[in-house]
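Subject: Structure handover

Hello,

Here is the structure you will be working with. My notes on its cavities and on some of its helix contacts follow below.

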Amino acid sequence: MKALAFRQLTKTYKNGVRALKGIDLDVEEGDFFALLGPNGAGKTTAIGIVTSLVNKSGGKVEVFGHDIDTQLALAKSCIGLVPQEINFNQFETVTTILVNQAGFYGLPRRVAHDRLEKYLTALQLWDKRNSISRSLSGGMKRRLMIARALMHEPRLLILDEPTAGVDIEVRRSMWTFMRDINVAGTTIILTTHYLEEAESLCRHVAIIDKGQIIENDRMSRVLRKLQTEVFVFNLRNPIAALPDLPGYRTTLPDDHTIEIEMSKDQNLNDIFSRLSASGIEVLSMRNKTNRLEELFMRLVNKEEKAIGDGR
Amino acid sequence: MLLKTNIVGFNTIVIREFNRILRIWGQTIVPPAITATLYFIIFGSLIGRRIGDMGGYSYIQYIAPGLIMMSVVTNSYGNVVSSFFGAKFGKHIEELLVAPLPNWLIVIGYMMGGIARGLLVGLVVTIITLIFTRLHIHNIAIVISAVVLSSIVFSLAGMINAVFAKNFDQISFIPTFVLTPLTYLGGVFYTITLLPEWAQHISHANPILYMVNAFRFGFLGVSDVDLGFAYLIMIGSALVLFTACVWLMYRGVGTRE
């Protein structure tokens, strides 16, 4: 079953900006789906339409088969939203926010108290349950928004940049938590600017740019489309000039680092052999950028170039 | 399923609004109590004695229903305008907008918050009134229906103000420049029969005149306006404003993009 389906979804704002230009998208039940795109691409608009924070201009949206034009309440009851911006009442306690949220979805207070204990414990916020929410740290506020979105145990969880501004330790614990709830059966749609996060967590990815879907496939297939990768080699000893590596594009950012761009038909063994032959000892190696990030940049830049070329 | 969601959701909104009123009691309950006390001391006890009778009652007895009603309408309005605009400003209105609750239910939820504060403050002012004078009750049904209807009307008016407001100035503009003059000129402190004929005609365009006089009739049995017409104004205003609020929420004016 499709957890979410867009058909020819359009949105034109009052100022004339066409945020969505007729997008089609399907997210299968149980999927962990990345919706990526540069700032202003239309991701938040699309999410806003699904959650009825934004009125669509045209097209159709279904959530677990419920059309938002005719079965809005049923569609909404399937969705949990973690928005980009903090949007809880900062004068209320953590418990009050969660109990109220449960109430807005028809859950009695007794059930709400059981659930809040479960989710606050899982998100390491249980000892903050009586704190006024504005006193929480940035990471805690983000986790509180996740707990709030889960109070009615939605079938579809939409996470709009849930880890923005969160330190790496908390971010990784949030990843584990998100993986767990996905394994438990919740469909997750994630938008993020941390592409490492999307690559690590998501099984499908759609890239949206200037209101259009420019890529939509399984994550593994999308990553295979990456024709070249840049590797960074950290050297034990300084070198004055680049070694002779015919067939490779190489740069020397500093005397201890070589960057080498490799295409799919080349291999690392060959590079290591040549570097050893040149008397260069490699201490460590890494990708210059995350693979999805590399592909993302190329796709978005290609679109920009196409527009610049008048195509 | 949806009915149960609506009932629990409605209760949640009302409880949240009521808790908000109690949480900030220093802003919601105390100021109108102090204001009412000052009115009774100055206009009732000090100046009132020199004015003499009005409508067959002592001046303090005559103005008491008007002062109670003035507290009710300003606090009903103030509660919804500040609560709803605060929710817009803090973005937590989105909690309700994404929830599976119909727009009419959200409007009634906020309206109930306005009624709760209006009646709570009205009760406090009534208790203060009893310290200064005796309250005669002519018809309790009219007292209750007039105060509840007025509270509904001004709660809904406050919501419309909050829907359109884009900053804090805009939620204080209407109370300062529209609501306060209408209240003071709505027969709270005088019978409009004291006014010249042209001023009486203008006063009849003021909806608060009908509310104050219906409420006063419930207490004293005297009114400057026809009671039936007063109810028509109150019920008609409530229906029009409720429809407007639901329509604005449905269209997403001020709340959705």
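A search of the whole structure finds four cavities of 30 Å³ or more. The model is a predicted one, in which local features need pLDDT of at least 70 and side-chain atom pairs count only at pLDDT 80 or more, while totals for chains, interfaces and linings use all residues. Residues are numbered from 1 along each chain as its sequence is written, chains are lettered from A and ligands numbered from 1 in the order in which they are written, and side-chain values use heavy atoms, with hydrogens and water left out.

Rolling a probe the size of a water molecule over the atoms shows where empty space is left. Here a cavity is a set of points, on a 1 Å grid over the protein atoms alone, where a 1.4 Å probe fits but cannot get out; lining residues have an atom within 4 Å of a point. Grid points are joined across faces, edges and corners, and a volume is the space filled by probe spheres set on the points.

Cavities

The largest cavity has a volume of about 70 Å³. Its lining draws on both chains: A:Leu81, A:Pro83, A:Asn87, A:Gln101, A:Tyr105 and A:Arg148 are joined by B:Glu94, B:Glu95 and B:Val98. By class, four of these residues are nonpolar, two polar and three charged (Ala, Val, Leu, Ile, Met, Phe, Trp, Tyr, Cys and Pro count as nonpolar, Asp, Glu, Lys and Arg as charged, and the others, Gly among them, as polar).

The second largest cavity has a volume of about 50 Å³. Among the residues that line it are A:Leu4, A:Phe6, A:Ala46, A:Ile47 and A:Val50. Two elements of chain A, β1 (2-12) and α1 (43-50), each give two or more residues to this lining; helices (H or I, at least four residues) and strands (E, at least two) are DSSP runs, numbered from the N terminus. The largest share, three residues, comes from α1(A). The lining has nine nonpolar residues, no polar and no charged ones.

Axes are lines fitted to C-alpha atoms, for helices over the stretch in contact, and angles run from 0 to 180 degrees between N-to-C directions.

How do α3(B) and α4(B) pack? Helix α3 (residues 30-51) and helix α4 (residues 59-89) of chain B pack at an angle of about 155 degrees, with their axes 10 Å apart. They are therefore roughly antiparallel (angles under 35 degrees count as roughly parallel, over 145 as roughly antiparallel, 65 to 115 as roughly perpendicular and the rest as oblique). The contact (heavy atoms within 4.5 Å) includes B:Tyr39, B:Phe40 and B:Phe43 of α3(B) and B:Ile60, B:Ile63 and B:Leu67 of α4(B). It has eleven nonpolar, four polar and no charged residues.

α4(B) and α7(B) pack at about 30 degrees, with their axes 7 Å apart, so α4(B) is roughly parallel to α7(B). Their contact has 16 nonpolar residues, six polar and one charged.

Helix α7 (residues 140-164) and helix α11 (residues 227-251) of chain B have axes that come within 9 Å and cross at roughly 30 degrees, so α7(B) is roughly parallel to α11(B). This contact has 22 nonpolar, three polar and no charged residues.

Regards

Technical notes:
On a 1 Å grid over the protein atoms alone, a cavity is a set of points where a 1.4 Å probe fits but cannot get out, and a pocket is an open set with protein on both sides within 12 Å along at least five of seven lines; lining residues have an atom within 4 Å of a point.
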